[in-house]
Amino acid sequence: HNKALPRITVAAAVEKCLAQCRADGKSAARIHQLECYLNSFAGDMNCEVSEVTPGLVSRYLTSMTASERTKKNARDVLGYFGRWLVLHGYLERGTDLVEGVQKYSMKPGEIQIFTPAEIAKLIEHASEKLLPYIVIGAFAGLRGAEIQRLDWSEIDLADGFIEVKAEKSKTDTRRLIPIRSEERRVGKECRSR
């Protein structure tokens, strides 16, 4: 009992997928990532979604002049898009746009630690908008994505802690990060700007 799937271009499907992601309340960073990769893909795929195959996706990724990490991110987004297409009835169940497509790795670089002099220089030359990010990252040890999700209401300079709510944490657990008195002084300066 095969039924005909609705016909839709890649560009129109990308538009619908992005609209759904916005309506679902995905983070600004996730929306930005999806827009970058999906709009680029749609620009190169002047066809209907039913014509997109893993081979086509593979050739698209291979032709990208980008790092392994960028290709991995693009592959992940295209996998998400393929699952969205299946869920919304634009592709048959069981279709996987990245099945058999080369996996790209994120080769971890060597972890480096800034010296106090380097941190001081970063703080000295940081813009007002970037300064809180640098200070929190340097002294509180939060992950970059956690810092991006923080709100000033979660930073208690009076009692001296930063609350990382479970929904904003990579590990899905709430954490309280203590702030030392020197860091509170810098934090108050950042907040007052």
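Which residues of helix H1 are buried? In this predicted model, where local features need pLDDT of at least 70, side-chain atom pairs count only at pLDDT 80 or more, and totals for chains, interfaces and linings use all residues, the buried residues of H1 are Val10, Ala13, Val14, Cys17, Leu18 and Cys21. Residues are numbered from 1 along each chain as its sequence is written, and side-chain values use heavy atoms, with hydrogens and water left out.

Buried here means under 20% relative accessible area and exposed over 50%, with partly exposed in between (1.4 Å probe, protein chains only). Seen down the axis of H1, the buried residues fall within an arc of 135 degrees, taken from the directions from the helix axis to the C-beta atoms, so they line one face of the helix. On the other side of H1, Glu15 and Ala23 are exposed. The cover over the buried residues of H1 includes helix H2 (28-44) and helix H4 (68-87), where contact means heavy atoms within 4.5 Å.

Helices (H or I, at least four residues) and strands (E, at least two) are DSSP runs, numbered from the N terminus. The expected span of a helix is 1.5 Å times one less than its number of residues.

| Helix | Residues | Span, first to last C-alpha | Expected span |
|---|---|---|---|
| H1 | 14 residues | 20 Å | 20 Å |
| H4 | 20 residues | 29 Å | 28 Å |

H1 is followed by Gly25, whose phi is positive, near 80 degrees, and H4 is followed by Gly89, with a positive phi near 80 degrees.

Three strands form an open antiparallel sheet in the order S1-S2-S3, strands being paired if DSSP finds at least two bridges between them.
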